[in-house]
Amino acid sequence: MKLKTLALLIGLSTGATLLTACGGSTSSATDPLSSITTLQGSVFKGPIDAAQIQLMDMQGTIISDVQSNNGTFSMPNLTTLPEVIFIKSAGGNYTDEATSQTANLSMQQGLQAVFTKTELMAILANNEFITLTPETTLLAELARSKMAAGSTPQQAIDDAKTLIEAQLLQGTDPTSTMASSDTLLRTGNLTTALPANNSEALARNRAISFSYETKNLGLSPEQVFELIQKRGEDLKDGSLDGVAQGNPLAITPTDTQNPVVALDQEDQRTNYGQARGQLLQNTISRLSSGNLSAAEQAQLSQQIGMDPTALQQNQQQTQQQNQDALQITQDLLAATNLPAFKHLPVMTDEDGVANDGKATYTLSATDNVNVIIDTPNGSWTTPMMRYNNSQLPPLIRAQRGDVMSLNLNNNLAEESTVHWHGFKIPAIQDGNPDLPIVSGGQHQYQFTLDQPASSLWFHPHPHKRTAHQVYFGLAGTFIIEDAVSQTLETNKELPSGAFDVPLMVQDRRFDVDNGNGQRNLLYMDQPQDANGMYGNVVLVNGVELPKFEVATRQYRFRLYNVSNARSYDFALSNSVRFMQIGTDGGLLPSPVSVTHLTLGPAERAEIVIDFSSFAVGEKVMLISKPFSGGMMAMGNQGSTTSTPPANGAALDIMRFDIARQEVDDITLYSNLPASAEINTRIDPATISTTRSFVMSMMGGQGGGMGNQGGTGTQGGMSFTINGKSFDMTRIDEYVTANASEIWEIRNMSPMAHPFHAHAIQWQILDRNGVAASGADLGWKDTVLVQPGQTVRFIGQFEPVNVGDYMYHCHILEHEDAGMMGMFKVLAPGETVPAGDSAINNGGTQGGMGNQGNTPTQSGMGTQGGGMNQGSMGNMGGGMGGM
């Protein structure tokens, strides 16, 4: 499905509002029209009903006065027009899409538009609607100011339009493909059930998004007009910087419990872009859940340049796949041909001395290892990359305090590294792409483990080749134990030994059998793969749909999502609850009872499933529940054997067979001891440095690998953080030694991105302004950020953290395409090098960020006014949820 067609989805909504203005002077001569004429228009923030609509000249002389009806108006009997025409609305009411509340407007609240006589005459001749929206209100205010300064009316309007597009609209289109259509719209009936074209769809999205932004800032629905007014004042100096005439702009919320919104501290274009992304995500979710009617789809298909049945087929196929998945799960529960589960092989310490506080391991990266893939339909071999020629990825177990010596022999025909994902170690040992090991080379990584018990992992991280090497098989798991975890195990408060089982989940795309019992991996063979590699087979520890025999007791499973791009929403097929006890970087302060949990690429979770309520002979599937995978998940249509399920499709992962009765001696812990480090939380009030990172994508859906050079493009798409593509010669951020910081991750793209930072484990503060709770209270090194979402986390860089580290999207194709940056943790006493400057990186200009080679030391970012819970916004009925 072409991504550009989805531009219309974002306009499937209804709603409207208004703003008034005054001032300025110019000629207001009115000339008679050749015939009596009727002017039609729409007033859209959603559609505003019962608003007073006035047509007036530059001085405010009213020429015509009518009332809107459900967002439209008609001005009959127009006989004369001035050279410059302002149309204003005042008062009325509309349903606010972001909150579903009715907004009742005062006569000082409204929208406006401006036209020259020549423009309006042409509109009348073509029997077009004019439209009043937030952006036309900004246009009218700016044009009035420019005319007052001496510009001709047409030049003032043109210049104001260019300024608004450059400062506010550019780079905020959530479809990432419609930049040419994402221009300020001044004509059209935006109140119809469906937009007439892409331009109207985007205009509706932009208008409604002002309400989402207002809600995210903690303001009341009616305060959207104050936001529009302030934004108009802001733009008069030519820059959207929250300052007007040298004075910072602010809005005081109606709800006095919410903080004052200081616009000079807000990244306004990013806020606006995120609001647009939220609105799009709502629409995609409605489509995925079957809540777009057939009539809506049919009408929509008539407006877009694609097979008119494609959108309907997409929805029907998604629904059918999810329906079929239920039956497939039932069939698998009864199946007798599922292959046996395989445990990951535990590596042996090469020094031969147990418990001596040090360990040595060797990893030899080798290509073309014939790996046996067991499936319900038999086995085949696939040439893959592996460490030590092993059939399965390796597992290393170690103790906190151990001194590790890890040798890499690079037997590949290309550079490689080993990145120690989630480890708190010096940068020189981190396996970053700036420290490659050449083909045929050897390297020893040496570091001391000094962090809590956790489920970590390792994988290659070579420049532009990380995705390829991980996809073809190079990865391993690494489990650290400490005094806290061992005490819990000894006290029978945690399952251990044979009841502590790592599950390495990854999807891969296999070709058909070549006739010799061999199936090759396919990589980047389909146009949509630039957005991330999705496989047609899900493997657990290298096996498709394995069965694992369990006893009637508690088991601890360490879930690793090591897929390149796919997210999973793990659950049991009978919806039985289980306990989540750990996150990326260690155990949770208290177990959290859940029915499902979502893991993005590179995220991990420790869970405990209690099988004591099952009877011997019963079976239950571990599944991934269906969820909305966002706009980028909508293109995978077809029926070839290599076509992967869309991200978010229902999937079966593995089966648990209750095989024997056993007495369970585990009483799961209720609280970690007070000494556990996770119980110490950093007070945000003590932090002076907040950095903002804006993840964004632009361009069209590409084909194949495209350009993976320094331009940050892949298959026609660009993948950036703060508007920049990765440059190995550039330091993007400087961090003071031993600093505690808040990092704010903002997603302006149409899909979720897992943000990963090397060197540190974080504690999440909030998501869209809602304080962390439950599983979000654990240590995290990778955080899945949904479209339109802002996640803030806090952490401390420790003395061991010195040198150059990476932060990036862990959809590995995005990382390789440039969605990555580099930060340097300074050594004690070290300063920023001469020529580099410490500037505020707080997502300047809506995510375009710091565009040069100038790094940042202490970005101030946004420290208040966070968004309300969830990236999904209003999910209510009707068109307003879109």
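Helices (H or I, at least four residues) and strands (E, at least two) are DSSP runs, numbered from the N terminus, and a helix's expected span is 1.5 Å times one less than its number of residues. This is a predicted model, where local features need pLDDT of at least 70, side-chain atom pairs count only at pLDDT 80 or more, and totals for chains, interfaces and linings use all residues. Residues are numbered from 1 along each chain as its sequence is written, and side-chain values use heavy atoms, with hydrogens and water left out.

**Exercise 1.** Work out how far helix H2 reaches and how covered it is.

*Solution.* Start with length: H2 runs over residues 134-148, and its 15 residues reach 21 Å from first C-alpha to last, close to the expected 21 Å. Next, burial (under 20% relative accessible area; exposed is over 50%, partly exposed in between; 1.4 Å probe, protein chains only). Here 12 of the 15 residues are buried, among them Pro-134, Leu-138 and Met-147. Finally, look past the helix: Gly-150 follows H2 with a positive phi, near 115 degrees.

**Exercise 2.** Find what Arg-397 pairs with in a salt bridge.

*Solution.* Apply the criterion: a side-chain nitrogen of Lys or Arg within 4 Å of a carboxyl oxygen of Asp or Glu. Arg-397 meets it with Glu-481, the closest N and O atoms being 3.7 Å apart. Now place the partners: Arg-397 sits in strand E16 and Glu-481 in strand E21, 84 residues apart. Then check accessibility: Arg-397 is partly exposed at 32%, while Glu-481 is buried at 8%.
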